[in-house]
Amino acid sequence: MLVFVDGTLAAVLVCLSDEYGEEAGLWFLEAGFGGLASPQPLTFADLDAAEDWIARQLAEAHEKPPPRSRF
């Protein structure tokens, strides 16, 4: 599942197959970009949970002031 935010690819989610045993059926953040990048592997019970996490991450990123340049 490709996740777009304002027309830009923001994340790639995949549904884990039976190969993953107990985690089969969970959604995994295969790749996150920008504010959705995560150093730890994330799984979600369903797409609603993934959507909630994405919304929180984007809200937090939007609240933080941009880093200042040091030129």
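Helices (H or I, at least four residues) and strands (E, at least two) are DSSP runs, numbered from the N terminus. Keep that in mind for the views below. This is a predicted model, where local features need pLDDT of at least 70, side-chain atom pairs count only at pLDDT 80 or more, and totals for chains, interfaces and linings use all residues. Residues are numbered from 1 along each chain as its sequence is written, and side-chain values use heavy atoms, with hydrogens and water left out.

**View 1. Asp6 sits in the loop between β1 and β2.** The loop links β1 (2–5) to β2 (8–15). What is the phi of Asp6? Its phi is positive, about 50°, although Asp6 is not a glycine. As background, most residues other than glycine have a negative phi. Is Asp6 buried or exposed? Asp6 is exposed, with a relative accessible area of 78%; here buried means under 20%, exposed over 50%, and partly exposed in between, using a 1.4 Å probe and protein chains only.

**View 2. Four strands make an open sheet.** Their order is β1-β2-β3-β4, with antiparallel pairing; two strands pair if DSSP finds at least two bridges between them. At the edges are β1 and β4 (43–44), and each of these pairs on one side only.

View 3. How many bridges join β1 to β2? Four do, and the two strands run antiparallel; in this pair, Phe4 stands opposite Leu9 of β2. Five bridges join β2 to β3 (residues 27–32), again antiparallel, and Val12 has Ala31 in β3 as its bridge partner. Between β3 and β4 there are two bridges, in the antiparallel sense, with Trp27 opposite Phe44 in β4.

**View 4. Leu2, Phe4, Leu9 and Phe33 make a nonpolar surface patch.** The patch covers about 390 Å². Patches are made of residues with over 30% relative accessible area and no salt bridge, with like charges joined within 9 Å and nonpolar side chains (Val, Leu, Ile, Met, Phe, Trp, Tyr) within 5 Å. A salt bridge is a side-chain nitrogen of Lys or Arg within 4 Å of a carboxyl oxygen of Asp or Glu. Accessible areas come from the Shrake-Rupley method with a 1.4 Å probe; for residues, only the protein chains shown count as cover.

**View 5. Phe44 and Trp53 form an aromatic pair.** A search of the whole structure finds one such pair. Its ring centres are 5.6 Å apart, with 45° between the planes, so it is called tilted: rings of Phe, Tyr and Trp (its six-membered ring) pair if their centres lie within 6.5 Å, and planes under 30 degrees apart count as stacked, over 60 as edge-to-face and the rest as tilted. Phe44 is buried at 7% relative accessible area, and Trp53 is buried too, at 12%.

**View 6. Leu42 is in the loop between β3 and β4.** Leu42 counts as buried, at 19% relative accessibility. Which residues does Leu42 touch, leaving aside its neighbours within four places in sequence? Leu42 is in contact (heavy atoms within 4.5 Å) with Trp27, Phe28, Leu29 and Trp53. Leu42 and Leu29 are 13 residues apart in sequence and 5.6 Å apart in space, C-alpha to C-alpha.
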